[in-house]
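Hello,

Here is the structure I promised to pass on to you. Please have a look, and my notes follow below.

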Amino acid sequence: MDCIFCKIIAGEIPTEILYQDEEIIAFRDIKPLAPVHLLIVPRKHIPSLDQMKESDAALVGRMVAVANKLAKDEGVAEKGYRLAINCGSEGGQLVPHLHLHLLGGRKLSDRLS
Ligand code: 5GP
Ligand code: ZN
């Protein structure tokens, strides 16, 4: 499949994996927008949040739990951080494989834009 995140999951693109289990992997964003910018990604190819099924709800919940753990590991939990999922072109989604951004390590803008 011609999906960059599926290639990372398959080990076809060398990437430092910060967390992995049977359902989820996490790695650093290649173009970080903050000192800590991680991507939490399900192994399952779900093209966008819009296409998640009711049966994927537990998986998405686990992505949030993994992000919270990584925020602690990366030392940003106490000062604060942001989780974001971009969905579709107007939502700013570039990679068509569901992923959760974890941003932290600096004061983020007060408003989403
Ligand atoms: P989106 O805009 O789809 O929510 O975010 C996609 C993110 O994936 C972007 O922040 C982009 O920098 C990141 N990204 C794209 N290609 C790669 C890659 O090959 N490796 C890593 N680590 N991040 C990538
Ligand atoms: Zn994929």
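The zinc ion (ligand 2) is held by Cys3 (SG), Cys6 (SG), His45 (ND1) and His97 (ND1), at 2.0 to 2.3 Å; donors here are N, O and S atoms within 2.8 Å of the metal (3.2 Å for Na, K and Ca), and since water is not among the atoms, sites may look incomplete. The angles among its 4 donor atoms run from 101 to 118°, which makes the site tetrahedral (four donors with all angles between 85 and 135 degrees). Along the chain, the donors of this zinc ion follow the spacing C-x2-C-x38-H-x51-H. Cys6 in helix H1 (residues 4-9) and His45 in the loop between strand S3 (36-42) and helix H2 (57-73) are 39 residues apart, so this pair links distant parts of the chain (helices, H or I with at least four residues, and strands, E with at least two, are DSSP runs numbered from the N terminus). Cys6 counts as buried at 18% relative accessibility, while His45 is partly exposed at 28% (buried is under 20% relative accessible area, exposed over 50%, partly exposed in between, with a 1.4 Å probe and protein chains only).

Before you go further, please note that this is a predicted model: local features need pLDDT of at least 70, side-chain atom pairs count only at pLDDT 80 or more, and totals for chains, interfaces and linings use all residues. Residues are numbered from 1 along each chain as its sequence is written, chains are lettered from A and ligands numbered from 1 in the order in which they are written, and side-chain values use heavy atoms, with hydrogens and water left out.

Now to the other ligand. Ligand 1 is surrounded by 16 residues, the closest being Arg28, Asp29, Leu94, His99 and His101 (a residue is near if one of its heavy atoms lies within 4 Å). One oxygen atom of ligand 1 is 2.8 Å from a side-chain N or O atom of His99, and a backbone N or O atom of Val95 also lies 2.8 Å from an oxygen atom of the ligand.

His37 sits in strand S3 and is buried, with a relative accessible area of 3%. The side chain of His37 makes a polar contact with that of His101, at 2.8 Å (a pair of N or O atoms within 3.5 Å; within protein, one must be able to donate a hydrogen and the other to accept it, and residues adjacent in sequence count only if both atoms are side-chain atoms).

Best wishes

Key
Tetrahedral: all angles 85-135°; square planar, octahedral: opposite > 155°, others 65-115°.
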